[in-house]
Structures are given as C-alpha cells and as structure tokens.
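Let's take a walk through a protein model together. Keep the sequence and the 3D view handy as you read.

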Amino acid sequence: MLPNKNPLITVYVTNYNYGRFIVACIESLLHQTCQDFEVIIIDDGSTDNSKEIIESYRHVEKVSIIYQQNKGLNITNNIAMRAAQGKYIMRLDADDFLEPNALELMSSKLEQDDKLGLVFPDYYYVDRDGNRIGEEKRHNFDENVSLYDQPAHGACTMIRLEYLRKLGGYNESFTCQDGYDLWIKFITHYPVSNIRIPLFSYRQHGNNLTSNELRILSTRQKIKDLHIETFGVELPTTIAIIPLRRTLIAGVDWLLFSINKDETVLSRLLQTVAASKKVEKFIVTTSDIELIQYCRKFETVFSNLLVVERPSAFEELHETLSKTIHLVLNQQEIIDLNPTAILTIAADFPFLTTEIIDDAINTLSIFQADSLLSVRPDNRMYYQHTGHGMQPLLDQYKFTKLEREALYSGMGGIVAATVDSFKKSDRMVAGKVGHIVVDQKAALGVFSPFDLEVFKALIQ
C-alpha cells in the first residue's frame, strides 16, 4: 500500500545487514504516541535476512521501501530527503530504537517555533541485547549553551525539511559523520534546540560506524576545512609558539632523540608545524643555547620560523607561559605581523600532526571560541585525599555509571586563544573554551621512561 500523503514527519530507516535488530527498530516506530508520520525503509544492499523481514512490513500503509546497492550514508540521506513528504525528517538506524513518545516530543518542539532548524534528544546506550549500559545527557541548549562545538547525534535528530533542502542537504563526498557536517551548517544559519530526555537507544555492538575513531576525527577535520572554504569563514592571523625546556628521560635527551638518521623529535615537530597553511609564523623559544643553535639551522629551511631566546627564569616549573607569550608578542617581527590568535604547542607529544594544528585553528574560528584545548574523553572516576581519606571529585559518587557526564583530559599539547582573550585575562585558557578531540596516538605524551619505551615501540 502507498504511504500516507503530507505527513507531519518522515522517518527513514537505514539498514545494512541489521536483520537481527530491525524488527525492534520498526516496531518502536510504528507504536509511537504520535502517528502522523511516514516510514521509508532504505536497505543498502544487505546480504543477511533483512530483505525478508523488511518485506513483511510492505502491507503497512505508512511504510514504503527502497532497495539500493552500497551507496553509503550521505547518498542515502539525500535519497531520503528527496523522497520525503513530511514537514520534518529524521533518520533512524536499523540497529537503534525509539522511546514511545519520541516523535511526539520532538515534533511538538519544532511546531512551537517556526525558526527552529532542528531538535535532538538525550539517549541511552544499549548493548547487543538491548540492555542499557549508559546514558548520553546534554546541557539545556535553550538556557545553558553558548558554545556549539558539541554536535547532535546524526541519527534521531529531527530536522525541518525545508531548511535542510535550503542548505543543500548532505555532502556526499563524506562517507561518515553526516551529523557533524549538518550540525555546522545549521548552527551557522538557524537556531537549534534539544530535549533533555532520553528518546532513543543507541546500540553498541562493535560494528557501528562510530567505533572507527580515526576515520571520524579525520572526516570532522575535512568537514571543517570545507565549511571554512564554502562559507568564507575568516581565519585569524595565527602564530604558534613552541616553548622548549631541555629534558632528560632515562638519560635520553628527549628533544634531540634520533627517530632516524636524519630526524630528531624536535626537527620532526618543526617540520610538522611548518607544514601548516594556517600558521603565519611559528616561534621556538628557549634559554638553552644548544637548542637555540640547533633550531636556528632551520630558519633558512622554514621561512616562517623565528627563534627567540628567553630568560631561564621563564622556564621554572612554577611559571606559567604568560611571560613567554608576552615576550614573543613584543618581538618586532610579531608586532609587524599583528596576530589575532596564538597557538601553543608542547614538544612532549611526538605524534602531533599538521592536520590537528589546522583543525584547532578552524575550530576556534567556526565556533567563535575565546580559547581551545586538545582533549580526550575520559569517564573514569577521580579522587582526592582530603585528610580523612579518598573522596570522589565533582560529586561523581551521587550518580550511577549510567548517569555520569563524560569528563575530558587535556591531551595532545595544543592550546589556542585569541590574542584579545589572552591580553584580557593574561591566560591562554579563558572565556568560552572550545575543544578538539585528538586520537589516542596523538594524545601520547612522553614524560617518563615507560612513555619513552612506548614511543620507541610505536615508531619502529
């Protein structure tokens, strides 16, 4: 039978070999408290029993079916967008399932505000068998969010279809991270909001696209690059400062440690920063004469390198980087350049890449943050000794493992800030603090003999 015409909502179910889960998905959809919707099931060339199960729903009036062969996520998203007849559209992956009131609550939110571009809910994490193992909880976007660098989940976000079409739909050159691409487009052009209630269950079973972290982070970097280019986002004039301090680890001179016969840890770092097209000038600063002489050999190789000697007092462990940054900003070459952003790079993180450096600058600009950190998600419990024993930080003991919000660890050695923010606060981390997530390898800092051995093993 044909699906109903002019429904309020179009929900499209994307499936590839999820025969084991798709019944729970479709049934959760068909039993919604809001019934003003159509369902488009799109199977992307499954080789399991999916087709047999999907065909069993062909008689349902709300359901239409599309079979295709391995077109990928964003092409599928655009096919659904073109086929949709609803006022709002939402993707539901075949291995996930909805709470009964999901469509009612999200569509009601959109109906209340004609300017609202999209709305997204909190959600549960479930295992292969549907047992809850966690909960994703977000801040209140209507009251408590001013920095939009944490995107909505790509699936189960309800979108105003008219606005989606105006923005050109999904970029088919990206094979994953449809939610991130769309998120940046929407926050640039339309208001967004959320519902702080878990309205769907996201199944974690090891085959999800989101389990491939490197692919996700690389795609996000490319999405931001394209957004900068497409929408003409003005990038700041950025300088990168690399403060150096001579460090011995297990008797090894870390900065001058030979990775191979032609390359040291320090020379690789200089090459990595020099390759950035978004850093106008990078400055190495240290009080160590040998390191100064070593780095000055590269001034003829890298035209955008400046070596600045700093007082040894600036390298004391109790000192912040503020004095060093002021010293650099007062160099005549830097005054003439008139930078508007500063990036500091720690030499302790040998797997930093040029792409991460560029991503930090892009992210600072796109989300209009005052400063930015490179981080890793970290949901472990942390404790401090109060004199009366160990006590969990941040009152985490009040929450179950299912309820705790993720923490983040500063990893990767990147800190960025606008010059205005730094001069106003005399700190690199101030104001609205954005973030980039770095991969596990880039997050490896070398501070101990054990870290050094891990680094040696990885480079071999």
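Start with D129, which forms a salt bridge with R20, their closest N and O atoms being 3.0 Å apart. A salt bridge here is a side-chain nitrogen of Lys or Arg within 4 Å of a carboxyl oxygen of Asp or Glu. Helices (H or I, at least four residues) and strands (E, at least two) are DSSP runs, numbered from the N terminus.

Before going on, a word on the ground rules. This is a predicted model, where local features need pLDDT of at least 70 and side-chain atom pairs count only at pLDDT 80 or more, while totals for chains, interfaces and linings use all residues. Residues are numbered from 1 along each chain as its sequence is written, and side-chain values use heavy atoms, leaving out hydrogens and water.

Are D129 and R20 buried or exposed? D129 is exposed, at 57% relative accessible area, and R20 is exposed too, at 51%. The cut-offs are these: buried is under 20% relative accessible area, exposed is over 50%, and partly exposed is in between (1.4 Å probe, protein chains only).

Now for another pair. The side chains of K224 and D359 also meet in a salt bridge, 3.0 Å from N to O. Here, too, distant parts of the chain are linked: K224 belongs to helix 7 (residues 213-231) and D359 to helix 12 (residues 354-366), 135 residues apart. K224 is buried, with a relative accessible area of 4%, and D359 is buried as well, at 6%. Some salt bridges share partners, and R246, D253, D288 and E290 are joined into one network that way. How many salt bridges does the structure hold? The count is 19.

Next, look at the backbone. Most residues other than glycine have a negative phi. N70, though not a glycine, has a positive phi of about 50 degrees, and N70 lies in the loop between strand 3 (63-67) and helix 3 (73-83). A250 also has a positive phi, near 50 degrees. You'll find A250 in the loop between strand 11 (248-249) and strand 12 (252-253), and A250 counts as exposed because its relative accessibility is 59%.
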